[in-house]
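Morning, everyone. Please bring the structure up on the screen.

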Amino acid sequence: DDLKLEEFYWTDQGWEVKVKFFEKAETLNFTFKAAIFDNPVYPDKAMELVFQNLITEDNIKFIFIDGKKPRSYEKGLKKILWSKGLSVNKLRTVRNERSYFGIQMADALAGLVRYNADNPQAKDATKIINKYRKKAIYFAEFNFEKIK
């Protein structure tokens with residue numbers, strides 16, 4: 001509301017708005033991890049790898065994934081979690097990002113991390129990421145090679 005935005009999408013905003021958005025977002029209670037793939041030729045396999053390696057928390061209530069997929073895909077991801085002894089009340093892939101602030105937040109964070117990975121000399125992105133790391137908001141980054 002303070003930024004007078006109905007929604008936030010990484011590609012739609014300039015750096016001034018992005019910086020203000022991340023300043024406001026750092027007051028929220030959340031943490032995130034990022035998986036960076038050089039070239040995810042097989043995005044479904046990349047998602048499986050993320051579920052196998054990054055999701056380690058107990059007692060997850062909801063997982064929403066950007067991009068609508070068939071129910072069988074959702075069930076496959078739930079099975080990965082179950083095989084690790086983790087359960088989730090609801091796992092859904094969603095297409096209408098506008099309804100889910102969490103998806104907008106994930107898009108913003110993914111854009112920031114990807115931009116920083118592609119442009120390590122970018123001071124604005126590095127400053128925001130370092131600030132999030134100090135506050136333990138951003139506490140894990142995983143880089144993956146190409147998936148075969």
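Start with helix H2, residues 43-53, and helix H3, residues 71-83. Their axes come within 9 Å of each other and cross at roughly 30 degrees. Keep in mind that this is a predicted model.

Why those two values? Two packed helices are described by the angle between their axes and the distance between the axes.

So, how do H2 and H3 run relative to each other? Angles under 35 degrees count as roughly parallel, and H2 and H3 are therefore roughly parallel. The crossing of H2 past H3 is right-handed.

Now the residues that meet. H2 brings Asp44, Met47, Glu48, Phe51 and Gln52. On the H3 side, they meet Tyr73, Leu77, Ile80 and Leu81. Sort the residues of this contact by type, and you get 6 nonpolar, 1 polar and 2 charged.

Second stop: Thr56. Where is it? Thr56 is in the loop between H2 and strand E2, which covers 60-66. Buried, exposed or in between? Thr56 has 48% relative accessibility, so it counts as partly exposed.

What does Thr56 touch beyond its neighbours within four places in sequence? Three residues: Lys33, Lys84 and Leu86.

Take Lys33 to begin with. Its side chain makes a polar contact with the side chain of Thr56, at 3.2 Å.

Then Lys84. In sequence, Thr56 and Lys84 are 28 residues apart. In space, C-alpha to C-alpha, Thr56 and Lys84 are 8.4 Å apart.

That's my tour. Over to you.

Technical notes:
Residues are numbered from 1 along each chain as its sequence is written. This is a predicted model: local features need pLDDT of at least 70, side-chain atom pairs count only at pLDDT 80 or more; totals for chains, interfaces and linings use all residues. Side-chain values use heavy atoms; hydrogens and water are left out. Axes are lines fitted to C-alpha atoms, for helices over the stretch in contact, and angles run from 0 to 180 degrees between N-to-C directions. Helices (H or I, at least four residues) and strands (E, at least two) are DSSP runs, numbered from the N terminus. Angles under 35 degrees count as roughly parallel, over 145 as roughly antiparallel, 65 to 115 as roughly perpendicular and the rest as oblique. A crossing is left-handed if the near helix is turned anticlockwise from the far one by less than a right angle, and right-handed if clockwise. Contact means heavy atoms within 4.5 Å. Ala, Val, Leu, Ile, Met, Phe, Trp, Tyr, Cys and Pro count as nonpolar, Asp, Glu, Lys and Arg as charged, and the others, Gly among them, as polar. Buried means under 20% relative accessible area, exposed over 50%, partly exposed in between (1.4 Å probe, protein chains only). A polar contact is a pair of N or O atoms within 3.5 Å; within protein, one must be able to donate a hydrogen and the other to accept it, and residues adjacent in sequence count only if both atoms are side-chain atoms.
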